[in-house]
Amino acid sequence: MLEMEDIWAGYDEQPVVKGVSLKVQKHEKVVIMGPSGSGKSTLLKTAVLLVKPFKGRIYLDGEELTAENVDLRAARAKTGFVFQSYNLFPHLKVIDNITLPLRIVKGYTREEAIKKALEVLEEVNLRGFEEKYPLQLSGGQQQRVAIARALAMDPILLLLDEPTSALDPELKAEVLDTLKEVARRGIAMLAVTHELDFTKEIADRVIIMEDGAIVESGQAKEVLENPSTERTRKFLRLIQ
Ligand code: ADP
Ligand code: MG
């Protein structure tokens, strides 16, 4: 599904991801945790070449994204990306936020796009909100629209970057419930999150990053309940 091999990436020639290799298999849910600034967001963005790695290879669905002349738009269309800050278009209604990428990237007709948008809004429990503007919605509802927009593309891999960390506790729950539903559909996920209960419930594997490198990787239960380094133990105590 996704394979990253010895990835070095960063900004202005300064690496912030330093030799990371990871795989996400079909249907697998992988959660990345780690202190702020450890390179988690950069790693996620590198997975779909929103950040171009200095070194290393990336394969998505059997295609090498780091090869020359790759159609990155087509490759990215196989993935969905949900950011911490929703990233909806504020001047577009909910329905248009979802149909626009379908029309541009997938070439759907207006009717096809609307049909699909209504389906995914149903999935995130937001039928009836089509005509609202993002700022008329709560943060949790906006994030569920962002999830619906990602799902509308029928992605084989969903990338989530701290999807609930901007939300008040009472709004977190509704977004986490939506994501648990999505996880049950069998889609592969690579998610940065520090939500421990959510992680225990959905993750097949947990990866801990520190200073641009993977310091711990294993089954969620093992890593979370019995981490192998003192550093990880300290980090996990901080996020309890
Ligand atoms: P995390 O998501 O784990 O908090 P990031 O990948 O966002 O880590 O950041 C890793 C490092 O890269 C940090 O030192 C951050 O300041 C730096 N960084 C992130 N994005 C940019 C950017 N667009 N330009 C320059 N530096 C960046
Ligand atoms: Mg981040």
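The buried residues of helix H3 pack against helices H4 and H5; a residue is buried if 20 or more other C-beta atoms lie within 10 Å of its own, exposed if 12 or fewer, and partly exposed in between, with C-beta atoms placed from the backbone. The model is predicted: local features need pLDDT of at least 70 and side-chain atom pairs count only at pLDDT 80 or more, whereas totals for chains, interfaces and linings use all residues. Residues are numbered from 1 along each chain as its sequence is written, and chains are lettered from A and ligands numbered from 1 in the order in which they are written. Helices (H or I, at least four residues) and strands (E, at least two) are DSSP runs, numbered from the N terminus.

**Helix H3 and its surroundings**

- Helix H3 covers residues 94-105, and its twelve residues reach 18 Å from the first C-alpha to the last, close to the 16 Å expected at 1.5 Å a residue; the expected span is 1.5 Å times one less than the number of residues.
- Val94, Asn97, Ile98, Thr99 and Leu102 are the buried residues of H3.

**Glu130**

- Glu130 is placed in the loop between helix H4 (110-123) and helix H5 (139-152).
- Glu130 counts as partly exposed because it has 17 C-beta neighbours inside 10 Å.
- Not counting residues up to four places away in sequence, Glu130 touches Lys93, Val94, Ile95 and Leu121; two residues are in contact if their C-beta atoms, placed from the backbone, lie within 7 Å.
- A distance of 29 Å separates the C-alpha atoms of Glu130 and Val192, which are 62 residues apart along the chain.

**The six-stranded sheet**

- An open sheet of six strands has the order E6-E7-E8-E3-E9-E10, with mixed pairing; two strands pair if DSSP finds at least two bridges between them.
- Strand E6 (79-82) and strand E10 (213-218) are the edge strands, each pairing on one side only.
- From one strand to the next, the twist averages 15°; axes are lines fitted to C-alpha atoms, for helices over the stretch in contact, and angles run from 0 to 180 degrees between N-to-C directions.
- Strand E6 runs parallel to strand E7 (residues 157-161), and four bridges join the two; Val82 stands opposite Leu160 in E7.
- Helix H1 packs on this sheet, where it touches E3, E7, E8 and E9, and its direction makes about 150° with that of E8.
- Helix H5 lies across E6 and E7 and runs at about 170° to E6.

**Strand E3**

- Five of the five residues of strand E3 (residues 29-33) are buried, so the strand is largely enclosed by the rest of the structure.
- Both faces of E3 are covered, with Lys29, Val31 and Met33 buried on one side and Val30 and Ile32 buried on the other.
- Strand E3 pairs in the parallel sense with strand E8 (residues 188-192) over four bridges, and Val30 stands opposite Leu190 in E8.
- Strand E3 also runs parallel to strand E9 (residues 205-210), to which four bridges join it; the bridge partner of Ile32 in E9 is Ile207.

- Four strands form an open sheet in the order E2-E1-E4-E5, and their pairing is antiparallel.
- Strand E2 (14-24) and strand E5 (63-64) stand at the edges with a single partner strand each, so one side of each is left without a neighbour in the sheet.
- Strand E1 (residues 2-11) and strand E4 (residues 55-60) run antiparallel and are joined by five bridges; Trp8 has Lys55 in E4 as its bridge partner.
- Helix H1 (residues 40-47) lies across E1, E2 and E4 and runs at about 120° to E1.
- Seven of the eight residues of H1 are buried, so the helix is largely enclosed by the rest of the structure.
- The buried residues of H1 are Lys40, Ser41, Thr42, Leu43, Leu44, Thr46 and Ala47.

**The chain as a whole**

- The chain contains nine helices and ten strands.
- Of its 240 residues, 40% count as buried.
- Residues 24 or more positions apart account for 64% of the chain's contacts with a separation of 6 or more.
- The C-alpha atoms fill a box of roughly 50 × 45 × 30 Å, taken along the principal axes.

**Database record**

- An unreviewed UniProt entry lists residues 2-236 as "domain: ABC transporter"; UniProt positions are given in the numbering used here, feature names are shortened, and annotations may be inferred rather than shown by experiment.
- The span of residues 2-236 is 38% helix and 26% strand, and its end C-alpha atoms lie 27 Å apart.
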